[in-house]
Each structure stands twice: as C-alpha cells, then as structure tokens.
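Trainee: I would like to go through some labels used for this structure and ask what each one rests on.
Mentor: Go ahead, one label at a time.

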Amino acid sequence: MTATLTREAQRVGPLADRLSGILADRGIGPSAAAEEPPPEPVTALELADARIPARYRRAVADHPQVTAWADQIARAGRPGPGGPGIAEGSSLLIVGPTGTGKTYQAYGAVRALLTRGVRLRWEATTTADLYARLRPRPGHDAERDLQALARSPLLLLDDLGAAKTSEWTEELTYRLINHRYEHLRPTLITTNLPTAELRTVLGDRIASRLAEMTERVILTGPDRRRSTPATRPR
Ligand SMILES: Nc1ncnc2c1ncn2[C@@H]1O[C@H](COP(=O)(O)OP(=O)(O)OP(=O)(O)O)[C@@H](O)[C@H]1O
Ligand SMILES: [Mg+2]
C-alpha cells in the first residue's frame, strides 16, 4: 500500500516539471489560474428566470397590492441558510379580463420575492396544463404530481376556471385548493371569472375557500395585447 503511494508520488515529480515547462513556454505562469476571476455566482433570481416563460421573464409587479403581498410574505419568511424561506402566508386572487396583466403580475410577484431575498421553491401551471398533466395514463403517477403542486411552498395557478370542467377536474381542483387552504400555503391564482361566475364554474366548495384564503386584486383596463405600443398602458 505504502509502496504504491511512494511510486506514484515519484512519477508525479517529473510530470509536474514537464507540465510547468510547457506552460512557461506558452507564457503561462504557475499563478495564472489563481489570477482568473472566480465565476459569478448564479443568483436565485437568475435560476428562477430560467424557469419563467420568456414573455414574463422581466415582469415587475407594479400593482400596489401585489408588491404589498410580496413585502408581507418576505417579512414573514422563516430564517434559513440562504435567506428567509416561505412558511405560511396569505394568497392572492388576481382577477380581470383578458390581457389586463394578471399573469404578468403573478410572475412579477414570484420575482419580487426572489429580489427580496426569499429562498423560494415554487411551481407554476395553468389549470389547463394541470388537467392535461394529471390525466390518468399508464406508467404515470398523477397522485405524486398533484402532491408536489399541493405541497410546493409557493404555487402560481394561472387561468383558474378557463379550462373545460368535469366532475374529475372539479375534484382535482378542490383537492389542490383545499390542501393549500388548510396548510395556509401562499398561492397566486389568476382568473378571468368574476366572483359569481367563479362559484358557478368551480363549485361553491372551492369558491368559498378562495373567498377566505385570498386577497382579491382586480385588474381593469384594455387588453394590453391589442393596444398599440403608443397607447399601451404602463
Ligand atoms: N404592468 C405591465 N407592464 C408591461 N407589460 C405588461 C404589464 N402587464 C402586462 N403586460 C404585458 O401585456 C401582455 C398581456 O399580459 P398578461 O399575459 O399578463 O395578461 P392576462 O391578464 O394574464 O391575460 P389572459 O387573461 O388572456 O391570460 C403581455 O405581453 C404582458 O407582458
Ligand atoms: Mg394570463
């Protein structure tokens, strides 16, 4: 054992000498590597931006209720090694007609938490994608996927009530919302539906929980997608 180590050590000497000779010929001194700047650390915001759809990657939550929510969640965060983590907290229901900026504000809220230094595990899905993803099919554990979304410290549920519903979607949405309701998990929900319609489309059990667990943010104005750049509201 010792003999092997000694033989290996003896071989490294001439090899290292040859290597430094080659480097010296090329004008690279032994200190060259040490002088290179360390790689820039990747921030939590950069990591999150990579997961945010390109259209909302620079979203800045500029609605006062949304920024107030981000401040409140950041303040209530549990201290952790990389910054405060999200524990329990309130949720937002961002309501408004098409193109008023609901999804923009929701991703802006996720980014706002990260810029406030909150250590954040988050998931985002539209309800239509959620139902497609959880549809029973062989070899796929839909229950595990549902639990991952239900337990995620922060969930963005986009376009609630926009997908075609059935008893199955109603039950699945109920289980997801109910889990987040019971455990006080911060959830960002967007919808086109006004309150009364929300109840009709989603059922009273879901609407009732949303009424208690969320603060309503109402967005108004024209469809930002249709307004020309000159008239587009900021
Ligand atoms: N505050 C804002 N500042 C700049 N651009 C914005 C702002 N709000 C929204 N936008 C832009 O306007 C467009 C529509 O916004 P968004 O997709 O968030 O609308 P929405 O309300 O979610 O619509 P839908 O109900 O159809 O899902 C997007 O291109 C978005 O980037
Ligand atoms: Mg949207």
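Trainee: How many residues has helix H4, and what span does it reach from its first C-alpha to its last?
Mentor: Helix H4, residues 64–76, has 13 residues and reaches 18 Å, close to the 18 Å expected. The expected span is 1.5 Å times one less than the number of residues. Helices (H or I, at least four residues) and strands (E, at least two) are DSSP runs, numbered from the N terminus. This is a predicted model, in which local features need pLDDT of at least 70, side-chain atom pairs count only at pLDDT 80 or more, and totals for chains, interfaces and linings use all residues. Residues are numbered from 1 along each chain as its sequence is written, and chains are lettered from A and ligands numbered from 1 in the order in which they are written.

Trainee: Which residues of H4 are buried?
Mentor: Val66, Trp69, Ala70, Ile73 and Ala74 are buried. They lie on the same side of H4 because they cover an arc of only 130 degrees around the axis; the arc is that of the directions from the helix axis to the C-beta atoms. On the other side of H4, Pro64 and Arg75 are exposed. A residue is buried if 20 or more other C-beta atoms lie within 10 Å of its own, exposed if 12 or fewer, and partly exposed in between, with C-beta atoms placed from the backbone.

Trainee: Why is Asp159 called partly exposed?
Mentor: Asp159 has 19 C-beta neighbours inside 10 Å, so it counts as partly exposed. Asp159 sits in the loop between strand S3 (154–158) and helix H8 (167–182).

Trainee: What is the phi of Asp159?
Mentor: It is near 65 degrees, a positive value in a residue other than glycine. Most residues other than glycine have a negative phi.

Trainee: Where is Leu184 found, and what is its phi?
Mentor: Leu184 is in the loop between H8 and strand S4 (187–191). Its phi is positive, about 55 degrees, although Leu184 is not a glycine. With 13 other C-beta atoms within 10 Å, Leu184 is partly exposed.

Trainee: What makes the buried residues of H8 lie on the same side?
Mentor: The buried residues are Thr173, Leu176, Ile177 and Arg180. They cover an arc of only 90 degrees around the axis, which puts them on the same side of H8. On the other side of H8, Glu167, Trp168, Glu171 and Glu182 are exposed.
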